[in-house]
Amino acid sequence: MLDLAEELHRWCEEGRDFAVATVVAVRGSAPRPVGAALAVDADGTVIGSVSGGCVEGAVYDLCLAALADGESVRERFGYSDEDAFAVGLTCGGVIDILVTPVRADAPDRGVHAAALATAARGGTAALARVVHGPAGLLGRPLLVGPDGTAAGTLGGTEALDAAAARETAALLDLGHTGTVRVAYGDDGAGESGSRCGEQVVLLVESSLPPPRMIVFGAVDFAAALAGAGKFLGYHVTVCDARPVFATPGRFPAADEVVVDWPHRYLDSQELDGRTVLCVLTHDAKFDIPLLERALRLPVAYVGAMGSRRTHEDRLGRLREAGVGEAELDRLRSPIGLDLGARTPEETALSIAAEIVATRRGGTGVPLTGAHTPIHRDARAA
């Protein structure tokens, strides 16, 4: 559901009734991951996707039915060799879909609306919904904030809500979307976790502020990379010490343009493990003090532009500055994948492709003739 937060938040503000279909489990090859969503309003307007087209028609009908009767439903879609006209995934995988109606008169409308509002503004929260458990609980939502406080109820016991809030907060801390199991039974002492209790499976969707991409060097390659970064969902900052080049007009796609020495700006920032740092200056007086710091930070990606000769010279200077071999191994340089790129736009694509491969655990090799998986578990990567 949070996959479509911006548009669904608008629908809530307009008072629309709608139903949301969300991928809650994937087995084998499937085009969309857990958390991918499709939504349909009462007028039949549809947004999003759960399968890239294979089963969208059937899921659309399920959404309309859920809007009509107000009941959540879970359905499984796979591939049928026996029936060429069966609704299923042509890729051969299996997906489970949870369809949840969000009607204006529903008692849990406020929980859904609050979750969508938080996600739409880039805030931090997690929405947990029951995807398997006792009758009557399917689709029930619980909203958990960054401090662990919860709003709403899953419709079972207080102990179930408390346990669900703890498990949801743990996934939110990691920034993960996925499923968790919580014991529905109560041991009589006010704590959940009874081994003989029925298991409730929750889909937890985490919403976090966009990850950061910081591009150092106000060059034409940076302008193209800022656009690619925004396309991938990053909050993009361009930083350069030269005010004549570091102007917002030259980087319209960037969220902010900063005039400062790169290493000094980096020292002032609080960065997390999703941050990517792209050094495009290829000037030693900027690069060395910057990379000396960047390679010691727990960020997702550090890449630096330059020729192979520049790269070798840069490595020597960094070793002289005391950077260890394990830290140097983290440096992606020359930056990007080998696409034969020539233009700034092609180079930006090369860099963006390497960032995605690093983030998802990809190899960067052509899929044609390869035996690597097409879809990977993001957490495993």
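Which residue of S2 does Val-20 stand opposite? In this predicted model, Val-20 faces Ala-39 in S2, within a pairing of strand S1 (residues 18–27) with strand S2 (residues 37–41) that is antiparallel and comprises five bridges.

- Five strands in the order S3-S2-S1-S5-S4 make up an open sheet, and their pairing is antiparallel.
- Strand S3 (46–48) and strand S4 (73–77) are at the edges with a single partner strand each, so one side of each has no neighbour in the sheet.
- On average, and with direction ignored, neighbouring strands of this sheet are turned by 20 degrees against each other.
- Helix H2 (residues 56–69) lies across S1, S2, S3, S4 and strand S5 (94–102), and the helix runs at about 50 degrees to S2.

**The sheet containing S6 to S10**

- Another open sheet is formed by five strands with antiparallel pairing, and here the order is S8-S7-S6-S10-S9.
- Its edges are taken by strand S8 (150–152) and strand S9 (178–183), each of which has a single partner strand, so that one side of each is left without a neighbour in the sheet.
- From one strand to the next, the twist averages 30 degrees.
- Seven bridges connect strand S6 (residues 125–132) with strand S10 (residues 199–207) in the antiparallel sense, and within this part of the sheet Arg-129 stands opposite Leu-203 in S10.
- Helix H3 (residues 109–120) packs on the sheet, where it touches S6, strand S7 (141–144), S8 and S10, and the direction of H3 makes about 40 degrees with that of S7.
- Helix H4 (residues 158–174) lies across S6, S7, S8, S9 and S10, and runs at about 150 degrees to S9.

- Strand S14 (residues 276–279) and S15 run parallel and are joined by four bridges, with Leu-277 standing opposite Val-302 in S15.
- Together with helix H7 (residues 284–294), S14 and S15 make a β-α-β unit that is right-handed.
- S15 also pairs with strand S16 (residues 331–332), in the parallel sense and over two bridges, and there Leu-331 is the bridge partner of Val-302.
- In a regular strand, side chains alternate between the two faces of the sheet.

**The nonpolar cores**

- The largest nonpolar core has 24 residues, and those with the most contacts inside it are Met-213, Val-215, Leu-225, Cys-278, Leu-280, Ile-351 and Ile-355.
- Two or more residues of this core come from each of strand S11 (212–216), helix H5 (220–231), strand S12 (235–240), S14 and helix H10 (344–360), and H5 supplies the largest share, five residues.
- When its neighbours within four places in sequence are left aside, Leu-225 is in contact with Met-213, Val-215, Cys-278, Leu-280, Ala-348 and Ile-351.
- Another core, of 21 residues, lies apart from the largest one, and Cys-239, Val-279, Ala-294 and Leu-318 are among its members.

Key:
Residues numbered from 1 in each chain as written. Predicted model: local features only at pLDDT ≥ 70, side-chain atom pairs only at ≥ 80, totals over all residues. Heavy atoms only, no water. Pairing = 2+ DSSP bridges. Axes fitted to C-alpha atoms, helices over the stretch in contact; angles between N-to-C directions. Contact = heavy atoms within 4.5 Å. Right-handed = clockwise from strand over helix to strand, strands pointing away. Core = buried A, V, L, I, M, F, W, Y, C linked by side-chain atoms within 4.5 Å. Buried < 20%, exposed > 50% of the residue type's maximum accessible area, 1.4 Å probe, protein only.
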